[in-house]
Amino acid sequence: MTRRVKEIFATERGGPSGAFGTPPAPAALAAKVRTLAPSMTRSMHRVAEAVAGDPAGCAALTVTGLAELTGTSEATVVRTARLLGYPGYRDLRLALAGLAAQQQSGRAPAITTDIAVDDPIADVVAKLALDEQQTLADTAAGLDTVQLGAAVTALTTARRTDVYGVGASGLVAQDLTQKLLRIGLMAHAHSDPHLAVTNAVQLRAGDVAVAITHSGSTKDVIEPLRVAFEHGATTVAITGRPDGPVTQYADHVLTTSTARESELRPAAMSSRTGQLLVVDCLFVGVAQRTYETAAPALSASYEALAHRHRP
């Protein structure tokens, strides 16, 4: 059985870890809805919006009541619950009750509004800061720590790591590569699709390939990851679309928050915030496991650059 076939079976059982694993905590439910919304059918999206918008009200409804409220069917409600990570509607209702309790206690996250052309600069600063906070909170809430731990293990023991990303994601790829290099690990960032593929051909078992794409459908990133996957390398996808094409070739999927795009702030700008958080988590995890060699390597790199920062 190929890795991809195993992944498909795992997905049908409810997730990469088999069965349904641990259902999302109540605080993660709203983030999960935002992340998965683009992949939902219209009817499922109506159910998801209802439970995220009024958790207290929906927690009081039976599966039939929620179906009637959203103009869908009981089967759609159950499918939506399963997509959100819950074995059934009963588990979703428990999470909704928990989320409602958090909101009533005043700990619910703030919802930001779009930036208007005539907003004062002080309002722009405040809105952007809140948006960044929400992106980080959503990414942290939705990040699968089992998948994260597996990716850290792969990077820690890798003979070589290749990282693929273009555009804004290319900047994040460079950031991950620089971090790994500073603790003495062999890593390369590739933004040129031709070089990425020709380098991916050289990867083997024991190597790692990381693809960074918010949309999950960037061909220039998917192609080298596919090649690396087929040559036996361990593959990791950092993406805002857990159902995107890139995940077909990923052994481990790390999901970032779905970016809230506006006219004055393209999705690429806000998506990078979540990607950088995942990169930091990967780096710190690897540094922890290789501390005996990572700490001296970091000290040496600081010392090598110190004279450039002195007046």
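## A pair of strands

Thr-161 stands opposite Ala-187 in strand E2. Thr-161 belongs to strand E1, residues 161-164. E2 covers residues 187-190. The two strands run parallel, and 4 bridges join them. Pairing here takes at least two DSSP bridges between two strands. Another bridge links Asp-162 to His-188 in E2.

This is a predicted model, so local features need pLDDT of at least 70 and side-chain atom pairs need pLDDT 80 or more, while totals for chains, interfaces and linings use all residues. Residues are numbered from 1 along each chain as its sequence is written, and side-chain values use heavy atoms, without hydrogens or water.

## The whole protein

The protein has 14 helices and 5 strands. Both are DSSP runs, numbered from the N terminus: helices (H or I) have at least four residues, strands (E) at least two. Of the 311 residues, 44% are buried. Buried means under 20% relative accessible area, exposed means over 50%, and partly exposed lies in between (1.4 Å probe, protein chains only).

The protein exposes about 15,400 Å². Carbon and sulfur atoms supply 58% of that area. The areas come from the Shrake-Rupley method with a 1.4 Å probe; for residues, only the protein chains shown count as cover. Now take the contacts (heavy atoms within 4.5 Å). Among those with a separation of 6 or more, 72% join residues 24 or more positions apart.

Val-163 stands opposite Val-210 in E3.

Both faces of E1 are covered. Thr-161 and Val-163 lie on one side, Asp-162 and Tyr-164 on the other. These four residues are buried.

## Helix H10

E1, helix H10 and E2 make a right-handed β-α-β unit. Right-handed means that, with the strands pointing away from the viewer, the path from the first strand over the helix to the second runs clockwise. H10 spans residues 168-182. Its 15 residues reach 22 Å from first C-alpha to last, close to the expected 21 Å. That expected span is 1.5 Å times one less than the number of residues. Just after H10, Gly-184 takes a positive phi of about 85°.

Which residues of H10 are buried? They are Ala-168, Ser-169, Gly-170, Val-172, Ala-173, Leu-176, Thr-177, Lys-179 and Leu-180. An α-helix has 3.6 residues a turn, so residues three or four places apart point the same way. Leu-176 has a relative accessible area of 0%. Beyond its neighbours within four places in sequence, Leu-176 contacts Val-163, Val-210 and Val-279. Leu-176 and Ala-189 are 13 residues apart in sequence, with their C-alpha atoms 8.2 Å apart.

## Helix H7

Leu-96 sits in helix H7, residues 89-104. It is buried, at 0% relative accessibility. Leaving aside neighbours within four places in sequence, Leu-96 touches Leu-29, Val-51, Pro-55, Cys-58 and Ala-59. Ala-59 is 37 residues away along the chain, yet the two C-alpha atoms are separated by 5.4 Å.

## Strands E4 and E5

E4 (residues 234-239) and E5 (residues 252-255) pair in the parallel sense over 4 bridges. Ala-237 has Val-253 in E5 as its bridge partner. His-252 and Leu-254 point one way from E5, while Val-253 and Thr-255 point the other way. All four are buried.

## One aromatic pair

The structure holds 1 aromatic pair. Phe-229 and Tyr-249 form it, edge-to-face, at 6.1 Å centre to centre with 70° between the planes. Rings of Phe, Tyr and Trp (its six-membered ring) pair if their centres lie within 6.5 Å; planes under 30 degrees apart count as stacked, over 60 as edge-to-face, and the rest as tilted. Phe-229 lies in helix H12 (residues 219-230) and Tyr-249 in the loop between E4 and E5, so the pair ties together parts 20 residues apart in sequence.

Phe-229 counts as buried, at 11% relative accessibility. Gln-248 also lies in the loop between E4 and E5. Is Gln-248 buried or partly exposed? Gln-248 is partly exposed, with a relative accessible area of 34%. Gln-248 and Phe-229 are 19 residues apart in sequence and 9.6 Å apart in space, C-alpha to C-alpha.
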